[in-house]
Amino acid sequence: MQSYEYIESGIILNLDNKEALKKFKHPVKDFAKHGDAFKFINKHFDDYGTFPSSDTLVENFPTIDPTANSLNLDYAIDSFKDQVLFRNIVAAFQSNKELLKETPKKALSHIQSSLNDIEVTYDEDVISYETDAENRFSEWEGRSKKRKMGEGIMGIPTPFKSLNNTGVGWMPGELIALFARPTVGKTWMCIQVAATAMMNGHKTLLISTEMPVSAISLRADVVLAKMMGYNFSHSALRTGQPIDEDKYKEFLQKLNGRPLLICDHIQGESSISLESIAALIRKHNPELVVLDGIYLVSSGDGKKAMWEQSHSLFYGMKTLALSTNTPVFVSTQATREAANMFEPPRADQVAFGDALIRSSDVAMAMCRVENEENQRLVQYQKYRDGVLSVDSSIMDWDVDKGYIEETDEDVWNNNEDF
């Protein structure tokens with residue numbers, strides 16, 4: 001393998017025309033030795049519209065090896081890219097050396113996150129529009145096939161008929177947000193979203209910042225049992241009241257192998273962080289991530305104001321969804337200003353600012369329905385792709401029996417009191 005000095009010299013001496021400069025897409029910081037020479041080439045072209053000669057470069061930068069002029073540019077670029085990757089990987093470990101001594105588990109999470117960032121940067125992420133045309137046709141064929149095979153739905157089926165009727169479920173890279181006042185039922189809705197995906201064969205990661213795995217699992221039991229034709233009471237399971245034991249055992253046995261993963265904390269971490277969630281996604285490769293209580297996720301920068309931390313967190317979650325090509329469903333709280341429990345909170349009433357709504361592809365507000373304890377109203381406040389035929393959905397809501405299902409009733413559009 002040739003030295004990085006030789007490869008960099010070959011790059012510098014071959015950047016003698018516009019096409020070569022376009023082909024080389026690395027910034028100055030990626031050079032270990034000849035970054036100043038690269039800046040000189042760019043400035044010379046900007047000032048005079050021409051490229052400096054090899055003699056001029058060698059004269060101004062004596063450390064350049066003139067024999068590298070014979071290197072093939074494509075070969076030099078590939079070698080340069082590998083050398084940058086090598087240095088970045090080494091740096092990821094070295095920058096966490098002290099943390100590795102103190103808290104190996106946390107250091108591992110940091111290193112994994114750094115390596116993932118390096119991988120995203122290393123991979124080509126810009127594709128020419130016209131050269132990608134054939135791939136887009138193949139992708140359309142794949143989506144068409146999925147619609148035919150999956151009851152007309154692309155992506156992952158949702159609990160909402162109104163969304164499924166568009167033919168588009170939760171799609172890769174999407175961030176979906178649900179917000180409501182406390183006690184309205186955000187956690188139950190998160191479980192319904194996860195259970196719907198799981199029952200359709202999609203590996204799902206359910207993360208709770210508010211409840212332990214044991215509590216989440218009991219709720220999931222009654223929701224999944226209802227979908228599978230069983231009837232259990234959540235309160236009975238939770239308090240140890242009599243149930244049909246044989247049926248419960250039978251149900252639990254049928255659950256074996258179902259693709260649902262539940263997490264309530266990250267081992268070795270004092271709190272759930274965006275970094276640790278990214279590590280979980282890389283480790284388990286879920287097709288859907290459901291996060292109950294994003295407002296309790298650590299942003300990793302306690303020095304900033306809360307709204308700034310939340311802004312970084314929410315946009316960071318969208319970036320994570322895109323970089324892992326995974327739909328992410330999150331819930332959060334509305335502020336005390338949304339005092340009316342029978343009216344959907346507005347976008348400006350989301351806790352810690354509206355950055356979550358702005359970064360989301362789909363945003364939904366949920367509230368109770370007056371005089372109907374066993375119903376909830378879900379209002380669609382943002383739907384990035386397509387047009388919905390309704391503004392909201394009414395959900396039948398008997399969570400003790402695990403029954404959460406959209407009705408055909410459309411009281412939002414027909415009730416002037418809302």
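**Helix packing in the predicted model**

Helix H1, which spans residues 4–14, is mostly covered, with 9 of its 11 residues buried. The model described here is predicted. The buried positions of H1 are Tyr6, Ile7, Glu8, Ser9, Gly10, Ile11, Ile12, Leu13 and Asn14. These buried residues pack against four helices: H2 (18–23), H3 (35–48), H4 (54–60) and H5 (73–94).

For the protein chain as a whole, the secondary structure consists of 17 helices and 9 strands. The chain has 418 residues, of which 45% are buried. Among contacts in the chain with a separation of 6 or more, 66% join residues 24 or more positions apart.

In the pair formed by helix H10 (residues 186–199) and helix H11 (residues 213–227), the axes come within 10 Å and cross at roughly 50°. The crossing of H10 past H11 is right-handed. On the H10 side, the contact is made by Thr187, Trp188, Ile191, Gln192, Ala195, Thr196, Met198 and Met199. H11 contributes Ile216, Arg219, Ala220, Val222, Val223, Leu224 and Met227 to this contact. Sorted by class, the residues of the contact between H10 and H11 are 11 nonpolar, 3 polar and 1 charged.

The second pair consists of H11 and helix H13 (residues 245–255), which pack at an angle of about 90° with their axes 11 Å apart. Because angles of 65 to 115 degrees count as roughly perpendicular, H11 is placed roughly perpendicular to H13. In this contact, Leu218, Asp221, Leu224 and Ala225 of H11 meet Tyr248, Phe251, Leu252 and Leu255 of H13. The residues of the contact between H11 and H13 divide into 7 nonpolar and 1 charged, with no polar residue. Leu224 of H11 takes part in the contact with H10 and also in the contact with H13.

Notes. Residues are numbered from 1 along each chain as its sequence is written. This is a predicted model: local features need pLDDT of at least 70, side-chain atom pairs count only at pLDDT 80 or more; totals for chains, interfaces and linings use all residues. Side-chain values use heavy atoms; hydrogens and water are left out. Axes are lines fitted to C-alpha atoms, for helices over the stretch in contact, and angles run from 0 to 180 degrees between N-to-C directions. Helices (H or I, at least four residues) and strands (E, at least two) are DSSP runs, numbered from the N terminus. A crossing is left-handed if the near helix is turned anticlockwise from the far one by less than a right angle, and right-handed if clockwise. Contact means heavy atoms within 4.5 Å. Ala, Val, Leu, Ile, Met, Phe, Trp, Tyr, Cys and Pro count as nonpolar, Asp, Glu, Lys and Arg as charged, and the others, Gly among them, as polar. Buried means under 20% relative accessible area, exposed over 50%, partly exposed in between (1.4 Å probe, protein chains only). Angles under 35 degrees count as roughly parallel, over 145 as roughly antiparallel, 65 to 115 as roughly perpendicular and the rest as oblique.
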